[in-house]
Amino acid sequence: MDTDIGTTFLAQLVTTDAGRQHMLSISVDAEEGDEGHIFEQLADRVEDPKMKQIVERHRDDEVRHAQLFRGCLSRLGLEMQAIPDELKIVHQIAAVTGGFDDPIETSGDVVAAYAMLLAIEERGVERFPLIADAFRSVDPETADVYLRVARDERGHVNYCESIGRHHAGDDATWRTALAEARAIEEVAFLGVGLANLTYCTERGWVDLTEAVGAA
Ligand SMILES: [Fe+2]
Ligand SMILES: [Fe+2]
């Protein structure tokens, strides 16, 4: 989605209760979307005690993020909505990679998992401030929550970088894994974005006819 169209989409979406409910439900779902219990597996596989602590802190942060977004829903008097699979980034990535069900056993598995987590975290760092901007005029408290979570996601990018790089053994191996993960995430992100646009348009929450015509 073009950035301007993406901005228009978000601005329209948060003007209604249904749209706010949808955006926040997607956010809760994404934060809770620990498919295949990846953090448990990583905590088992990562041997260095300090790194293991980082894995656990990262997992706990994501649980807290989900609670923060759930808190926004309840403050607004809205219920968490079930999110269809095609709107879930983790589901779309699994469709490309074969899923998160494969056990994490080797250093290579740890590298691949952290490369993918990093790509997902980077997307949060990029997107959450834009979502915060959209919420700013209609619900500043929710806007602040998105900014707060974005700050944590920046820290998570660093966690992923240090643990992934360590297990890769050398820069070239890590960079290759990261490039593959970013390419997969990009395709999945575009797929989810288009599916979400269709979903929200069908429900009358957004109408991008003019924005698309002007692009
Ligand atoms: Fe998060
Ligand atoms: Fe994160």
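Two residues are in contact if their C-beta atoms, placed from the backbone, lie within 7 Å. On that basis, residues 24 or more positions apart account for 79% of the contacts in the protein chain with a separation of 6 or more.

This is a predicted model, in which local features need pLDDT of at least 70 and side-chain atom pairs count only at pLDDT 80 or more, while totals for chains, interfaces and linings use all residues. Residues are numbered from 1 along each chain as its sequence is written, and chains are lettered from A and ligands numbered from 1 in the order in which they are written.

**Overall form**

The protein chain has 9 helices and 0 strands; helices (H or I, at least four residues) and strands (E, at least two) are DSSP runs, numbered from the N terminus. The radius of gyration, taken over C-alpha atoms, is 18 Å, close to the 17 Å that the globule rule gives for 215 residues, so the protein chain is as compact as a globular protein of that length. The globule rule is 2.2 Å times the number of residues to the power 0.38. Along the principal axes, the C-alpha atoms fill a box of roughly 50 × 35 × 25 Å. Of the 215 residues, 36% are buried. A residue is buried if 20 or more other C-beta atoms lie within 10 Å of its own, exposed if 12 or fewer, and partly exposed in between, with C-beta atoms placed from the backbone.

**Two helix pairs**

Axes are lines fitted to C-alpha atoms, for helices over the stretch in contact, and angles run from 0 to 180 degrees between N-to-C directions. A crossing is left-handed if the near helix is turned anticlockwise from the far one by less than a right angle, and right-handed if clockwise.

| Pair | Angle | Axis distance | Crossing |
|---|---|---|---|
| H6 and H8 | about 50° | 8 Å | right-handed |
| H2 and H4 | about 160° | 8 Å | left-handed |

H6 and H8 are therefore oblique to each other, and H2 and H4 are therefore roughly antiparallel. Angles under 35 degrees count as roughly parallel, over 145 as roughly antiparallel, 65 to 115 as roughly perpendicular and the rest as oblique.

Residues of H6 that meet H8 include Val111, Ala112, Ala115 and Met116, and their partners in H8 include Thr173, Trp174 and Ala177. By class, this contact has 12 nonpolar, 1 polar and 4 charged residues. Ala, Val, Leu, Ile, Met, Phe, Trp, Tyr, Cys and Pro count as nonpolar, Asp, Glu, Lys and Arg as charged, and the others, Gly among them, as polar.

In the other pair, H2 residues including Gln21, Leu24 and Ser27 meet H4 residues including Glu62, His65 and Ala66. The contact of H2 with H4 divides into 6 nonpolar, 3 polar and 4 charged residues.

In helix H5 (residues 89–97), Ile89, Val90, His91, Gln92 and Ile93 are buried. Their cover includes helix H2 (17–32), H6 and helix H8 (171–202). Gly98 follows H5 and has a positive phi, near 95°.

Ala112 lies in helix H6 (residues 107–136) and counts as buried, with 21 C-beta neighbours inside 10 Å. Ala132 is also found in helix H6; it is buried, with 20 other C-beta atoms within 10 Å. Not counting residues up to four places away in sequence, Ala132 touches Ala143, Tyr146 and Leu147. The C-alpha atoms of Ala132 and Ala150 are separated by 9.5 Å, and the two residues are 18 residues apart along the chain.
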